[in-house]
Amino acid sequence: MCVANELGIHAVGVEISCFNAMLSNAKIRKYNNVKLKKYIDKLTKLLETKQGRVLEFEKQLNEALSDFNQAHFPSKSFKRKVTLGQIDEKAYSAAKEKEFLIIYERLIKNFKIKLHTKTAAKTQIKTQGNFFEKWYIDSIKDEILLLKKQIEKAPKDLQDILMIILSRTARSCRATTHSDLATLKKPMLESYYCRKHGRICKPLFSILKWWKSYANDTLKRLQEFQTLRSEAFSLCLNADSKNVDIVGEISKHNATFTKLLKQQKIAGIFSSPPYVGLIDYHEQHAYAYDIFALQRKDERLEGSKMGRVRQHKRNIFKI
């Protein structure tokens with residue numbers, strides 16, 4: 001819809017996933033960027049004030065990790081020796097993984113850091129499944145819930161985009177290895193040798209870094225789109241394209257757009273499927289559905305249980 005808007009084309013999207021619909025509408029909406037940045041800064045400051053011992057713990061852990069990796073996994077020479085067969089990567093990394101684990105566990109004990117992934121304060125959040133409970137360390141859960149609570153108090157016109165920023169953050173803060181971001185085999189609660197980066201890595205204990213990164217990135221993208229957007233109407237409906245009443249649904253949101261739809265014909269329809277690969281979009285965004293208690297419609301999707309194709313989405317452009 002963003003591209004259609006840039007081209008001055010009116011667009012209606014039909015999306016069965018409420019999260020994807022929310023994402024589409026949040027991207028296309030007009031914002032007071034000064035107001036949005038001010039609220040983001042408020043949330044960031046709140047996060048920083050709640051860091052407590054986690055901040056000092058991560059500082060010491062990162063310093064120890066940096067020193068250890070520089071000593072045992074110098075980026076250029078280590079990879080070169082592995083390539084030349086001078087180092088047995090599997091045996092060497094396993095030994096060093098155990099060596100650093102001693103340092104890691106000592107710091108965990110000294111700072112009394114909780115590593116559970118199924119003990120979130122359930123009085124603060126009601127989830128539809130166990131994804132949030134399973135894939136986030138306690139300190140990460142606490143920060144996500146803190147921001148979620150504040151976002152619910154934010155001005156209505158900012159809530160969706162703030163939810164999107166928090167969702168992007170949550171996706172990057174799951175307790176998994178860097179090479180397991182898509183498949184999610186098992187929660188990673190300790191330091192480990194990362195084949196992707198060729199060094200010892202660790203799980204995350206705070207969302208602050210990623211929150212700042214995604215907040216700044218979102219503000220930048222919104223500002224760039226603001227210079228490209230037209231006055232064309234754009235709206236994504238959370239509905240099933242097989243039986244959606246487009247005009248009726250649009251009339252609930254925009255009377256002018258409704259009148260335009262009645263007067264003119266739809267000029268083109270773009271449909272996402274079929275895909276070569278099967279994608280379960282609800283499960284792909286399970287963290288967002290859990291955190292924000294969004295309604296899933298898995299039964300409305302067609303395809304195998306292992307991976308469903310998003311069958312009922314249409315992007316309908318009107319000239």
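Lys37 is partly exposed, with a relative accessible area of 41%, where partly exposed lies between buried, under 20%, and exposed, over 50% (1.4 Å probe, protein chains only). This is a predicted model, in which local features need pLDDT of at least 70 and side-chain atom pairs count only at pLDDT 80 or more, while totals for chains, interfaces and linings use all residues. Residues are numbered from 1 along each chain as its sequence is written, and side-chain values use heavy atoms, with hydrogens and water left out.

The side chain of Lys37 meets that of Asp41 in a salt bridge at 2.9 Å, N to O, a term for a side-chain nitrogen of Lys or Arg within 4 Å of a carboxyl oxygen of Asp or Glu. Both residues lie in helix H3, four residues apart, about one turn of the helix, and Asp41 is also partly exposed, at 37%.

A second salt bridge joins Arg195 and Glu89 (3.8 Å, N to O). Because Arg195 lies in the loop between strands E2 and E3 and Glu89 in helix H6, this pair ties together parts that are 106 residues apart in sequence; helices (H or I, at least four residues) and strands (E, at least two) are DSSP runs, numbered from the N terminus. Arg195 is exposed, at 61%, whereas Glu89 is buried, at 18%.

In helix H8, Lys141 and Asp138 lie three residues apart and form a salt bridge of 3.5 Å, N to O, and both are buried. Salt bridges that share partners also join Arg168, Asp217 and Arg221 into one network, and the whole structure holds 13 salt bridges.
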